[in-house]
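Subject: A structure for you to explore

Hi there,

Here is the structure I promised to pass on to you. Please open it next to this email and look for each residue as you read.

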Amino acid sequence: MMAPLNSPEETFDPATPEEWAVFRTLAHRMVDDMLTHLATLREQPAWQEMPKQVRTTLANEPIPRSGMGAAAAYQDFVQNVLPYPDGNLHPRFFGWVKGNGTPLGMMADMLAAGLNPHLAGFNQAPALVEQQLINWMGDLLGMPGASGVLVTGGTMASTLAIGVARFATARNLGIDVRENGVQSWSGHKPQNPFVFYGSSETHGWARKAAEFMGLGNRAFRRVPVLSDYTMNMDALAAMVAADRAAGLTPFCVVGTAGTVNTGASDDLNAIADFCRAEKLWFHVDGAFGALAYLSEQLRPQVAGLERADSLGFDLHKWGCLPFECACVLVRDPEVHKATFAAPASYLAPATRGVIAGGLPFADRGIDLTRGFKALKAWISLKADGVDKLVRLVEQNVAQTQYLAERVQAHSDLELLAPAPLNILCLRYAPAGASESLLNAVNDEVLLRVQESGIAVPSSTVLEGRFAIRVANVNHRTRREDIDIMLDAILRFGKQVFDEMS
Ligand SMILES: *Cc1c(COP(=O)(O)O)cnc(C)c1O
């Protein structure tokens, strides 16, 4: 028997004008509280450990069978969640490569969630906004007319691109990779393994992509780097030749614009030339570094990026937008669509009505239901202008150079790699200390700096040496923040060194 129909029927909306008024008041308070949070970041710790009681509360909450109401649930957020994020909004957050977000981006995400349009495509203004943004990015990054789609992150952007590269190569070889995958079906001649290349400094997305696409981790060939952490082109040529001789099918070379460890950029023009000569797909991972292309001063570092067959980049790192927002551009729109488009009766396009124009964005990737990520980028670029974004990118590079100068000028500090862009690796290194002691000291120094709440750098290991790694995509950072962080590293460095030696 069917349940009886409620009367009046229920909804998640406030049900009466009075309930709307109450909700409106709460909603305004949420906006005000969050703006206060953003306006007072400097007074907050860069990060703080959660108290035990907060941890327990958040980890062991019973399933809320009946609701406590929006005001009470929001109060729990204010008390237990708001004070304990990972710190990436803070002016002295330099860990990993995260972005800060912006107040306008936050409000745009609210507008996007409020409007809640379905961005598979459809005959609607938001679809034009998304396409406009993609066109702008294609024009700005030297790939006018490229096909594109917004995705969750650089990982997904580059993974989709590798999928397109594999499809394009397979099609040229008369292999139907969409129908047969990479399996050896009976009646088919077994496929030669497909392999692709990137430097050993390529971000970990490449391994995930190789594994997830069924190619296997070994299909991602790690090319050694030179002392400046860029791809060794002679080694690339030798590896491709050896793989071809062994019967493998090379299909793509990944160049990185701005590596995650040191900010080095491969010689993208050289890779483009190589790919053209060898008939290989040229993908660029420009997760953060692609935005350096927008600056005339920095463009030479990533020159050749505009020759890519595909380009993956984030707008939630150096683009400063709230998570998540990234983009993949594919120069040839036909091959992009041919890789992914999958018609279905319930999605059939029409020439009129709501689905007129079809589902172009669903046809350029894996996702069907997609949110309105483009809005925050579109509104922010319109509000602030690309020129301001360029100035902020340059500002971060100038701050990193300032940090490099301070590190080099101090006898107890050591720069562990060139810092050409916005990433810098350093360590506390008084003369005469052993490598193993320095590794232990710097590991501990990093944790103490983080736990002090003063600043959040992160770490990496370069040629066996533990590095305190500073990645600056922070639009809130001032020069004094660099000084404060460095003073903390020196203070804790001396403290830990005295304790350990
Ligand atoms: C961050 C990063 C990625 C991954 O991007 P996500 O947005 O975190 O998925 C890929 N490559 C490089 C060079 C990165 O810095």
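Below is what was found in it, topic by topic.

A word on the source before we start. This is a predicted model, in which local features need pLDDT of at least 70 and side-chain atom pairs count only at pLDDT 80 or more, while totals for chains, interfaces and linings use all residues. Residues are numbered from 1 along each chain as its sequence is written, and side-chain values use heavy atoms, with hydrogens and water left out.

**Two packed helices**

Two packed helices are described by the angle between their axes and the distance between the axes. Helix H6 (residues 154-172) and helix H11 (residues 333-340) pack at about 95 degrees, their axes 9 Å apart. Helices here are DSSP runs (H or I, at least four residues), numbered from the N terminus, and strands are runs of E with at least two. Axes are lines fitted to C-alpha atoms over the stretch in contact, with angles from 0 to 180 degrees between N-to-C directions. H6 and H11 are therefore roughly perpendicular to each other, a label used for 65 to 115 degrees. On the H6 side, the contact (heavy atoms within 4.5 Å) includes Leu160 and Phe167, and on the H11 side it includes Val335 and Phe340.

**Salt bridges**

A salt bridge is a side-chain nitrogen of Lys or Arg within 4 Å of a carboxyl oxygen of Asp or Glu. By this rule there are 21 salt bridges.

One of them joins glutamate 211 and arginine 207, at 2.5 Å from N to O. These residues are four apart in helix H8 (residues 205-212), so about one helical turn separates them. Glutamate 211 is partly exposed, at 40% relative accessible area; buried means under 20%, exposed over 50%, and partly exposed in between (1.4 Å probe, protein chains only).

Aspartate 273 and arginine 307 also form a salt bridge, at 2.6 Å. Aspartate 273 lies in helix H10 (residues 268-278) and arginine 307 in the loop between strands E5 (281-285) and E6 (310-314), 34 residues apart.

A further salt bridge, at 2.9 Å, connects aspartate 483 with arginine 406. This pair links helix H15 (residues 479-500), which holds aspartate 483, to helix H13 (residues 386-409), which holds arginine 406, across 77 residues.

Happy exploring!

Methods. Angles under 35 degrees count as roughly parallel, over 145 as roughly antiparallel, 65 to 115 as roughly perpendicular and the rest as oblique.
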